[in-house]
Amino acid sequence: MERFVRGLPKSELHIHIEGTLEARMMFDLARRNGVALPYGSIDEVEAAYAFTDLQSFLDIYYEAAAVLRTEADFADLMSAYLARAVADGVRHADIFFDPQTHTERGIDMGTVIRGFVSAQRDAAPDITSTLILCFLRHLPAEAAVEALEAARPYLEHVQGVGLDSGEKGNPPELFAEPYRMAVAAGLIPVAHAGEEGPAGYIRSALDVLGARRIDHGVRAGDDPELVDRLVRERVPLTICPLSNQRLQVFPDLRMHPLKRFMDAGVLVTVNSDDPAYFGGYVGDNYLAIADALGLTRTDMVRLARNSIEATFLPDDRKATLQDEITAYVASYPASP
Ligand code: ADE
Ligand code: ZN
């Protein structure tokens, strides 16, 4: 199964580039940039990654991002992720970034985006990728508008707009205006909803923000009518099993609703969220959820096909990638 999953062509649709900052790179960049870290060793860093909920993770994740300062740092971060993704069979990735985390520290928006784009260009055509600019929902909507304005000169490099950070108490409807502006600027709207927050946040992400994909969305399981709607409207969910486990959303992966969603006909995909913090990249996420829920090779293929369908790629590229999956599966002996 492991070899099959790693080679299976797929896309990754829920990955925060800042969440790919491995402890090793954190130390290297801290030294390169003269940034003090609150950890003395990699062991100490890993000991700190015992998360009790989303906020306990975010506190550490935002602090670590302070080591990223120059265009070369952002390029190195992106290159390292794309190389790991290629090794996991990822052919296309839609990549979140949190510009406010950097601009609030005085880093120029152009430094951030130029660094990412140079690494994305270098990695193509082995892997194609797009950027999704995320608004931080723990900050006010006015700050989101400022982030969009700062990014305006670079929007040719940005495909989508997203919403992340602490969910509880920060419902999607607070961001109606920055989303309206982002969509008017040509960005495709997606949003984190129903990770720790209630199913109602998924509804408002769809109805108020016009989200075309829901990131996480696992709380949809609390609302059968909403699940019916996701099926009917073919709204993809970008699910991140190891994240859900490590942030105590589903501490026991055997309780995870992914298989129930698949059986109901929801367009679910498997992704890694913040792999440097949650113990695995996208292939590890496929394997962990397969192990917990007894998924078969056929299920793995369904998830990979869903991951292509749920991209915003043109139809001809989607068809090419689906054909790659067909050829890959045909090259394997029958499922056990
Ligand atoms: N930012 C990075 N990872 C996140 C997650 N899982 N939920 C919300 N915001 C995030
Ligand atoms: Zn996320």
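**A zinc site and its surroundings**

Both H14 and H192 are buried, meaning under 20% relative accessible area, where exposed is over 50% and partly exposed is in between, with a 1.4 Å probe and protein chains only. Before I go on, the ground rules. This is a predicted model, where local features need pLDDT of at least 70, side-chain atom pairs count only at pLDDT 80 or more, and totals for chains, interfaces and linings use all residues. Residues are numbered from 1 along each chain as its sequence is written, chains are lettered from A and ligands numbered from 1 in the order written, and side-chain values use heavy atoms, without hydrogens and water.

Back to the two histidines. Which protein donors hold the zinc ion (ligand 2)? They are H14 (NE2), H16 (NE2), H192 (NE2) and D273 (OD), lying 2.0 to 2.2 Å from the zinc ion. Donors here are N, O and S atoms within 2.8 Å of the metal, or 3.2 Å for Na, K and Ca; water is not among the atoms, so sites may look incomplete. The spacing in sequence is H-x1-H-x175-H-x80-D. H14 in strand β1 (residues 10-16) and H192 in strand β6 (residues 191-193) are 178 residues apart, so this pair links distant parts of the chain. Helices (H or I, at least four residues) and strands (E, at least two) are DSSP runs, numbered from the N terminus.

Why is the arrangement irregular? The four donor atoms subtend angles of 83 to 176 degrees. Tetrahedral would need all angles of four donors between 85 and 135 degrees; four count as square planar and six as octahedral if opposite donors are over 155 degrees apart and all others between 65 and 115; anything else is irregular.

Stay with D273. D273 lies in the loop between β9 (268-270) and α14 (275-278). Its phi is near 65 degrees, positive in a residue other than glycine. D273 is buried, at 2% relative accessible area.

S165 also has a positive phi, about 85 degrees, and is not a glycine. S165 sits in the loop between β4 (158-164) and α9 (176-184). Its relative accessible area is 8%, so S165 is buried.

Next, helix α4 (residues 54-64). Eight of its 11 residues are buried, so α4 is largely enclosed by the rest of the structure. Those residues are L54, S56, F57, L58, I60, Y61, Y62 and A64. They pack against β1, α2 (23-33), α3 (42-48), α6 (99-103), β3 and α14. Contact means heavy atoms within 4.5 Å.

Now a helix pair. The axes of α5 (residues 71-87) and α7 (residues 109-123) come within 7 Å and cross at roughly 35 degrees. Axes are lines fitted to C-alpha atoms, for helices over the stretch in contact, and angles run from 0 to 180 degrees between N-to-C directions. On the α5 side, E71, F74, A75, M78, S79 and L82 meet α7 residues including V112, F116 and A119.

The peptide bond from A124 to P125 is cis, with omega near 5 degrees. P125 lies in the loop between α7 and β3 (128-136).

Last stop, L295. L295 is in the loop between α15 (282-293) and α16 (297-309). At 7% relative accessibility, L295 counts as buried. Beyond neighbours within four places in sequence, L295 contacts M1, L258, K259, I289, A290, M300 and L303.
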